[in-house]
Amino acid sequence: MSGSSGGTGAGSGGGAANLLPRTAGFLYAIVVVIALAILWYTGKINRKKAYIFLLISTGFGFLIFAPVAPHNFQQLLLRDVVSLGASLQAAAAGLILMLLISLVFGRIFCGHICPAGAIQELASLVALPKFGQNWKEISLGIRAVVFVIILAAAFGWSVGIIDYFGLQEFFSLDVTSVLFYVFLGVLLLSTVVYRPFCRFICPYGLLLSLTAAVSAFKFRRTEKCIECGCCERVCPTNEAKVGDLKSECYMCGRCVEVCPVEGALVYRRSSGRWSAAGIPDEEE
Ligand code: SF4
Ligand code: SF4
Ligand code: SF4
């Protein structure tokens with residue numbers, strides 16, 4: 001399936017018709033990333049309050065198919081201005097801007113704004129046993145291989161691999177397409193494996209994980225930490241240990257929710273100090 005075919009979903013259609021929803025999705029992403037960064041920093045939001053953003057972002061996915069970043073990233077690789085609804089330069093600038101923002105604030109975009117991630121996060125709330133908490137290295141390795149395949153398919157054969165995951169068909173509720181059921185399958189898998197599409201497939205998420213690894217703001221332990229390990233046990237991506245880079249931290253807030261000591265785990269900028277063990281200082 002070429003990228004320009006784009007499926008029959010909400011993301012297909014003329015470039016002019018796509019311009020308004022894509023712009024609205026982009027503006028929504030910018031405003032909410034900054035708002036959530038402020039809310040996490042000031043402690044005015046928690047995991048459960050953040051559900052409202054998951055619901056709104058998922059609604060944006062169904063209503064305007066934006067800002068579904070993996071789709072946009074692929075269409076940019078395919079130079080498909082019709083599906084992008086914007087010039088290649090504008091689309092590239094938007095994706096690069098979000099990468100720059102994640103350099104400062106981490107993966108708030110993945111955590112609460114990308115509809116493809118938000119709906120997987122909602123699926124993860126289903127009370128079923130979860131697998132794969134310790135698959136961080138495996139998932140990063142698989143996603144790196146998938147990234148290369150996606151690039152090779154796009155540049156070598158003008159094929160959009162991401163199209164086969166059915167994002168457009170799912171969010172446009174195109175139940176007549178088999179691809180609708182592919183992403184539905186991803187969602188069902190999300191009830192037992194945390195965010196499988198984000199962690200194993202998404203090419204843009206791979207880039208965001210690189211920038212988030214060196215982001216200024218992250219969830220960090222303070223001197224109040226009693227090292228009870230509660231945060232480490234609930235983290236679905238094994239990113240809550242001291243020294244973890246948080247490249248795969250989806251800002252879900254589970255760690256903060258279970259921390260028994262107020263102020264022991266906070267969303268803060270790095271102190272810039274490094275411990276004797278050679279890891280960034282977790283304290284302010
Ligand atoms: S990893 Fe990809 S699909 Fe998942 S939330 Fe981030 S951009 Fe969206
Ligand atoms: S539980 Fe893990 S993924 Fe969730 S916010 Fe904490 S460190 Fe990030
Ligand atoms: S849950 Fe809180 S107190 Fe316990 S190890 Fe994590 S940051 Fe420290």
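**Note on the predicted model**

1. Of the 284 residues of the protein, 45% count as buried (20 or more other C-beta atoms within 10 Å of a residue's own, with C-beta atoms placed from the backbone). This is a predicted model, in which local features need pLDDT of at least 70 and side-chain atom pairs count only at pLDDT 80 or more, while totals for chains, interfaces and linings use all residues. Residues are numbered from 1 along each chain as its sequence is written, and chains are lettered from A and ligands numbered from 1 in the order in which they are written.

2. The protein has 14 helices and 2 strands; these are DSSP runs numbered from the N terminus, helices being H or I of at least four residues and strands E of at least two. Among contacts between residues at least 6 apart in sequence, 78% join residues at least 24 apart (a contact requires C-beta atoms, placed from the backbone, within 7 Å).

3. Helix H3 (residues 69-77) packs with helix H5 (residues 88-105) at an angle of about 140 degrees, and their axes are 10 Å apart. Axes are lines fitted to C-alpha atoms, for helices over the stretch in contact, and angles run from 0 to 180 degrees between N-to-C directions. H3 and H5 are therefore oblique to each other (angles under 35 degrees count as roughly parallel, over 145 as roughly antiparallel, 65 to 115 as roughly perpendicular and the rest as oblique).

4. In this contact, Ala69, Asn72, Phe73 and Leu76 of H3 meet Leu88, Ala91, Ala92 and Leu95 of H5. By class, the residues of the contact are 7 nonpolar, 1 polar and no charged (Ala, Val, Leu, Ile, Met, Phe, Trp, Tyr, Cys and Pro count as nonpolar, Asp, Glu, Lys and Arg as charged, and the others, Gly among them, as polar).

5. Helix H12 (residues 203-213) has Pro203, Tyr204, Gly205, Leu208, Ser209 and Ala212 buried. These buried residues pack against H3, H5, H6 (108-113), H8 (136-157) and H11 (196-200).

6. The residues surrounding ligand 1 include Ala69, Cys110, Cys114, Cys198, Cys202 and Tyr204 (a residue is near a molecule if its C-beta atom, placed from the backbone, lies within 6 Å of it). H12 gives the most to this shell, with 3 residues. The shell has 10 nonpolar, 2 polar and no charged residues.

7. Around ligand 2 there are 14 residues, of which Cys235, Cys249, Cys252, Arg254 and Cys255 come nearest. The shell around ligand 2 divides into 10 nonpolar, 2 polar and 2 charged residues.

Key. Two residues are in contact if their C-beta atoms, placed from the backbone, lie within 7 Å. A residue is buried if 20 or more other C-beta atoms lie within 10 Å of its own, exposed if 12 or fewer, and partly exposed in between; C-beta atoms are placed from the backbone.
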